[in-house]
Amino acid sequence: MLEGKATVEDTDMPAKMQLQATSAASRALDRFDVLDCRSIAAHIKKEFDTIHGPGWQCVVGCSFGCYFTHSKGSFIYFKFELLRFLVFKGMADEQPLPC
């Protein structure tokens with residue numbers, strides 16, 4: 001288990017779900033090389049899909065930009081050691097696409 005502690009930067013998740021997200025990240029970092037961000041993200045996404053149903057997304061890295069729409073109560077952005085983690089459940093944009 002890593003010695004560091006996750007620092008939540010922004011969230012609208014309930015406290016229990018926040019703990020699940022940071023714990024999943026810790027387990028993934030124990031299992032995969034810290035440079036294997038894709039496997040770390042996949043591990044966290046699959047764990048959340050299993051616990052909370054399908055539709056979860058996860059982004060892991062040192063530096064990234066993003067713009068997304070999420071379901072209310074399903075978003076967390078935190079850092080753990082040198083990595084940043086973004087976990088959220090996607091939501092369809094309500095605006096129809098032009099033809």
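How many aromatic pairs does the count come to by the ring rule? Keep that in mind while we set up the view; the answer comes at the third stop.

**Before you start**

You are looking at a predicted model, in which local features need pLDDT of at least 70 and side-chain atom pairs count only at pLDDT 80 or more, while totals for chains, interfaces and linings use all residues. Residues are numbered from 1 along each chain as its sequence is written, and side-chain values use heavy atoms, with hydrogens and water left out.

**Stop 1: the whole chain**

Show the chain as a cartoon and follow it from the N terminus: the elements run β-α-α-β-β-β, which comes to 2 helices and 4 strands. Helices here are DSSP runs of H or I with at least four residues, strands are runs of E with at least two, and both are numbered from the N terminus. Of the 99 residues, 33% count as buried; buried means under 20% relative accessible area, exposed over 50%, and partly exposed in between, with a 1.4 Å probe and protein chains only. Contact means heavy atoms within 4.5 Å. Among the contacts with a separation of 6 or more, 56% are between residues 24 or more positions apart.

**Stop 2: the two helices**

Select residues 15-31 for α1 and residues 37-52 for α2; their axes lie 9 Å apart and the helices pack at an angle of about 140 degrees. That angle makes α1 oblique to α2. (Under 35 degrees counts as roughly parallel, over 145 as roughly antiparallel, 65 to 115 as roughly perpendicular, and the rest as oblique. Axes are lines fitted to C-alpha atoms, for helices over the stretch in contact, and angles run from 0 to 180 degrees between N-to-C directions.)

Now show side chains in the contact: α1 contributes residues including Met-17, Ala-21, Ala-28 and Leu-29, and α2 contributes residues including Ile-40, Ile-44, Phe-48 and Ile-51. The residues of this contact divide into 10 nonpolar, 3 polar and 3 charged. Here Ala, Val, Leu, Ile, Met, Phe, Trp, Tyr, Cys and Pro count as nonpolar, Asp, Glu, Lys and Arg as charged, and the others, Gly among them, as polar.

**Stop 3: the aromatic rings**

Back to the opening question: the count comes to 3 aromatic pairs. Rings of Phe, Tyr and Trp (its six-membered ring) pair if their centres lie within 6.5 Å; planes under 30 degrees apart count as stacked, over 60 as edge-to-face and the rest as tilted.

Select Phe-48 and Trp-56 to see an edge-to-face pair, 4.9 Å centre to centre with 65 degrees between the planes. Phe-48 counts as buried at 0% relative accessibility, and Trp-56 is buried at 3%. Next, pick Phe-78 and Phe-85, a stacked pair at 4.9 Å centre to centre with 5 degrees between the planes. Both Phe-78 and Phe-85 are buried.

**Stop 4: Thr-22**

Thr-22 counts as buried at 15% relative accessibility. Leaving out residues up to four places away in sequence, Thr-22 touches Ala-6, Phe-78 and Phe-80.

**Stop 5: two loops**

Where is Phe-68 found? Look in the loop between β2 (56-61) and β3 (70-80). Phe-68 is partly exposed at 26% relative accessibility and, again leaving out residues up to four places away, touches Phe-75, Leu-86 and Phe-88.

Finish at Glu-81, in the loop between β3 and β4 (83-90). Its phi is near 60 degrees, a positive value in a residue other than glycine. Glu-81 is partly exposed, with a relative accessible area of 48%.
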